[in-house]
Amino acid sequence: MPHTKDFVIDAQHACPPQDRWGREGLEQFQASLLSRMAASNHESLHTRRLAVAMEGHRCLVPLTQAGEIVPLVGHAITPVPATRPWFRGLLNIRGNLIGLADLMGLAGAPLQRVGTASHALLLAPGVAPQCGLLVSAVLGLRDISEMVRISKNDDEGIRILGANQRYKDSSGQQWDELDLVQMSQDSSFLEVGR
């Protein structure tokens with residue numbers, strides 16, 4: 001009966017030697033593929049937006065400016081005395097206090113109702129830490145490269161703070177793109193006290 005040591009195969013000599021250029025070609029291909037995937041993800045990040053609704057008003061938020069999306073079901077909004085009505089209060093998200101703003105109320109429209117589909121859109125930490133926006137619904141992701149940019153000159157509706165571009169999708173619905181950095185630096189947004 002043979003011993004297992006008699007059947008040991010020397011892997012270096014069992015396989016024919018690989019062409020040195022073939023291995024480098026494979027490594028170059030892999031590097032090229034990873035580079036193209038990273039560029040695709042970066043391009044996708046550049047054109048994709050988070051789509052949200054604020055009482056029927058459709059908004060697009062750049063993914064780089066958006067943080068976490070937190071459903072409000074099960075979270076209490078604690079009102080803060082002596083603040084403007086559009087500052088809805090504070091949320092406790094895993095021990096962090098988040099100020100919740102209602103951009104519709106800030107724009108002069110009626111305050112949004114808080115319902116089962118309501119969410120807090122937390123701003124990215126680099127934009128405004130501990131700050132969230134009340135949204136009545138999260139609508140998924142949209143790609144602005146598939147939309148048509150339209151003029152805001154005939155803007156008769158509600159002017160939401162930070163809305164800097166307007167788009168129309170293939171179904172004819174209009175979307176305002178929000179610049180949360182611009183919004184978070186506006187004095188009317190920063191003055192929450194009465």
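Accessible areas here come from the Shrake-Rupley method with a 1.4 Å probe, and for residues only the protein chains shown count as cover. On that basis the protein exposes about 12,200 Å², of which carbon and sulfur atoms supply 54%. The structure is a predicted model, in which local features need pLDDT of at least 70 and side-chain atom pairs count only at pLDDT 80 or more, while totals for chains, interfaces and linings use all residues. Residues are numbered from 1 along each chain as its sequence is written, and side-chain values use heavy atoms, with hydrogens and water left out.

Of the 194 residues in the protein, 36% are buried. Buried means under 20% relative accessible area, exposed means over 50%, and partly exposed lies in between (1.4 Å probe, protein chains only). A contact means heavy atoms within 4.5 Å. Among contacts between residues at least 6 apart in sequence, 57% join residues at least 24 apart.

A search of the whole structure finds five salt bridges, a salt bridge being a side-chain nitrogen of Lys or Arg within 4 Å of a carboxyl oxygen of Asp or Glu. One of them joins the side chains of E55 and R113, at 3.4 Å from N to O. E55 lies in the loop between β1 (48-54) and β2 (57-62), and R113 in the loop between α3 (103-106) and β6 (119-123), so this pair ties together parts that are 58 residues apart in sequence. E55 is partly exposed, at 30% relative accessibility, and R113 is exposed, with a relative accessible area of 63%.

Another salt bridge is formed by R88 and D102, whose closest N and O atoms are 2.9 Å apart. R88 belongs to strand β4 (residues 87-93) and D102 to the loop between β5 (96-101) and α3, so the parts tied together are 14 residues apart in sequence. D102 is buried, with a relative accessible area of 0%.

R166 and D176 also form a salt bridge, with 2.8 Å between the closest N and O atoms. Here the pair links two strands: R166 is in β10 (residues 163-168) and D176 is in β11 (residues 174-178), so it ties together parts that are ten residues apart in sequence. R166 is buried, at a relative accessible area of 7%, and D176 counts as buried at 2% relative accessibility.

Note on methods. Helices (H or I, at least four residues) and strands (E, at least two) are DSSP runs, numbered from the N terminus.
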